Amino acid sequence: MSHPDPSQQPQWQHPQPGQPGQGFPPPQAPVHGQYAAPGAPGGVPGGPGGGFPGGPPPGQYSGGYGPPPGGGGGRNRWLIPAAAGVALVVMGGTVWATVSLVSFGGPQPESVLPGSSVAFGKIDLSIDGSQAMELIRFVDQLPAEMTEEMDEPDGDMTELFAEGFVEFFPEARQADVEEWIGQRAGVAMWPSDDASAHFSEGSGLAVTLALAVEDERRAEEDLASLASSDDSFRYEMTNGFALLSTSDAALADREAQIGEHGSLEASDVYSGDVADVPAGSLAVGWTDFTRLMEVEGVAEDIQSEVAAETGEVSGRATASVRIDGDYLEARADVFDFEVDSADLAWLAESPGASVAAMESLPESTVMAVGASGLDTALTDAYESDEIPFLSGSGEMQEMEREFNAMGAPLPEGFTNLLGSSTAFGVTDMNLDSFFGSSYGSGEEVSFQYRAVGGDEGVLGDFVESVIASDPYATPPGVSTDGDAVVLASGSSATGRLGDDPVFQQTMQEMDEAVVAGYFDMRQVLTEAEVQDPSQWGALGLAVSVTEEGQRSSLELRWTPSGGGE
């Protein structure tokens with residue numbers, strides 16, 4: 001199997017549901033200068049290039065990183081089941097491939113990878129009884145059209161791993177591979193002073209994949225045959241794992257790094273960060289931004305990918321994908337994260353009531369955002385001269401002028417407009433007009449905005465100022481509902497969003513979120529797109545900031561509502 005030149009190498013192609021045997025991402029040519037968020041599903045959590053987790057739908061991640069092979073020719077095939085591997089496994093062709101759960105039992109890949117690693121990701125597809133129950137619950141809720149062509153689960157992921165291996169080593173026989181391949185894999189990258197160990201010229205990083213094997217003798221027979229015909233593929237066996245890399249130098253450097261720094265498993269920093277990863281995760285990723293950005297050229301390459309200045313980045317992050325029975329969740333946690341010395345400490349004291357803020361929106365809400373305590377957080381930041389996202393005194397003065405023009409001088413203006421609890425919901429939405437131009441469509445978006453403790457007069461003046469700038473727009477109504485000021489436009493149902501069982505199921509246990517979001521797929525999808533829109537449930541989003549701003553979390557959930565009778 002041949003590959004195009006680096007300049008013509010295609011981007012990763014995500015498989016469609018129903019295409020089994022693609023548990024490993026395809027290879028990518030060694031193009032120096034192309035970094036896309038290593039070490040975690042969907043890219044480095046919270047970092048440049050990371051579409052995780054708020055971008056694509058569950059099971060489809062953009063911006064993930066699969067270390068390309070070293071330069072020097074060869075067919076450049078690789079087996080790096082890290083970021084893209086998670087997505088491919090989640091969207092595989094069988095029930096187990098779609099929603100398998102991790103037990104993380106037995107020897108783990110990090111036990112044979114160096115403690116000097118700056119990024120790491122692993123998949124472990126063996127499961128235990130309690131995780132199987134969660135799986136069954138989740139499968140029962142999937143849309144019928146997703147389960148119609150699924151195989152019956154048998155709990156054995158060996159076939160999937162073997163199919164992924166043969167996909168990129170077609171001369172290997174799948175029946176032979178199934179005899180020795182395991183169900184656990186991990187990949188790590190670390191800084192190396194040995195240029196011959198780098199996965200691509202000038203990258204400064206070496207990469208090795210640890211693939212669990214059940215029969216070392218048979219594994220070595222197959223791997224030796226493959227290595228003899230491919231100069232860019234090297235391997236060695238150790239402690240129940242086949243270590244695969246781009247060169248003998250990389251494998252030698254791994255051993256030297258472990259001798260100097262110990263294993264990643266023994267690293268206090270790594271083990272401390274992953275200790276709180278949700279139990280039963282399908283896969284886990286970890287990245288040390290501080291040390292990664294110290295590698296010569298990495299920061300510049302990331303900036304070139306996102307076409308913007310990244311600034312000084314520090315901190316660490318974990319990412320995970322799991323099944324809870326009620327939902328599929330992708331999560332990212334960042335620790336001590338700063339960009340140009342700015343962090344999220346200003347949100348740390350906000351009460352976690354953003355989900356409750358959305359509950360009073362109409363039951364017909366299609367898309368919603370809720371927040372709690374933003375007025376207090378912004379007031380504290382303003383008084384400390386640390387308003388986020390403002391780069392200088394000129395921007396601060398401009399913001400003050402705008403608030404003064406609305407009759408809401410700062411800092412009281414934050415509470416006047418936002419209240420202590422804030423929610424905005426779109427209550428009727430046509431995607432074609434919402435994301436395109438509304439001119440000529442004759443349609444306006446229906447919405448409701450609620451600010452508990454807001455100022456009715458200030459919000460009324462705000463509405464008038466908006467209307468003055470667009471005399472053709474229909475002004476929203478301004479009213480009160482208990483202690484909340486309500487701006488409403490268009491039609492909406494009379495019931496409460498908080499009483500919807502799908503909303504409750506999706507947003508459960510997100511009580512600490514300082515900002516939350518909700519998207520009802522049942523109201524957006526049409527019968528022209530899916531068989532039964534009512535079975536597709538909703539997406540939920542939550543952002544939490546804890547430990548005085550030293551830790552923040554981002555969760556994205558999909559809660560299907562198939563619920564077979």
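The model is predicted, so local features need a pLDDT of at least 70 and side-chain atom pairs count only at pLDDT 80 or more, while totals for chains, interfaces and linings use all residues. Residues are numbered from 1 along each chain as its sequence is written, and side-chain values use heavy atoms, with hydrogens and water left out.

The chain holds 18 helices and 16 strands; helices (H or I, at least four residues) and strands (E, at least two) are DSSP runs, numbered from the N terminus. Of its 565 residues, 54% count as buried, where buried means under 20% relative accessible area, exposed over 50% and partly exposed in between (1.4 Å probe, protein chains only). Contact is taken as heavy atoms within 4.5 Å. Among the contacts in the chain with a separation of 6 or more, 71% come from residues 24 or more positions apart.

The structure holds 12 aromatic pairs, counted when ring centres of Phe, Tyr and Trp (its six-membered ring) lie within 6.5 Å; planes under 30 degrees apart count as stacked, over 60 as edge-to-face and the rest as tilted. Phe403 and Phe414 form an edge-to-face pair, with 5.5 Å between centres and 65 degrees between planes. Phe403 belongs to helix H14 (residues 393-405) and Phe414 to helix H15 (residues 412-418), so this pair ties together parts that are 11 residues apart in sequence. Both Phe403 and Phe414 are buried. Phe424 and Phe447 make a tilted pair, at 5.5 Å centre to centre and 35 degrees between the planes. That pair links distant parts of the chain, with Phe424 in strand E10 (residues 421-428) and Phe447 in strand E11 (residues 446-452), 23 residues apart. Phe424 is partly exposed, at a relative accessible area of 35%. Elsewhere, ring pairs join Phe165, Phe169, Trp180 and Phe233 into a cluster. A ring also meets a charge where the charged end of Arg557 sits over the ring of Tyr327, 4.0 Å from its centre; the criterion is NZ of Lys or CZ of Arg within 6 Å of the ring centre and within 35 degrees of the ring normal.

Asp375 touches Phe414, Thr415, Leu418, Gly419 and Ser420, not counting residues up to four places away in sequence. Asp375 is buried yet has no salt bridge, and the nearest side chain of opposite charge, Arg450, is 15 Å away. Here Lys and Arg count as positive and Asp and Glu as negative, with His and the chain ends not counted; a salt bridge is a side-chain nitrogen of Lys or Arg within 4 Å of a carboxyl oxygen of Asp or Glu. The side chain of Asp375 does make a polar contact of 2.8 Å with that of Thr415. A polar contact is a pair of N or O atoms within 3.5 Å; within protein, one must be able to donate a hydrogen and the other to accept it, and residues adjacent in sequence count only if both atoms are side-chain atoms.

Arg316, in strand E7 (residues 313-323), is buried, with a relative accessible area of 18%. Its side chain makes a polar contact of 2.6 Å with the side chain of Asp273. Leaving aside neighbours within four places in sequence, the contacts of Arg316 include Val269, Asp288, Phe335 and Asp336.

Most residues other than glycine have a negative phi, and most peptide bonds are trans. Asp336, in strand E8 (residues 328-339), has a positive phi near 50 degrees and is partly exposed, at 34% relative accessible area. Asn239 has a positive phi of about 50 degrees; this residue lies in the loop between strand E4 (234-238) and strand E5 (241-245) and is exposed, at 61%. The peptide bond from Leu410 to Pro411 is cis, with omega near 5 degrees, and Pro411 is in the loop between H14 and H15.
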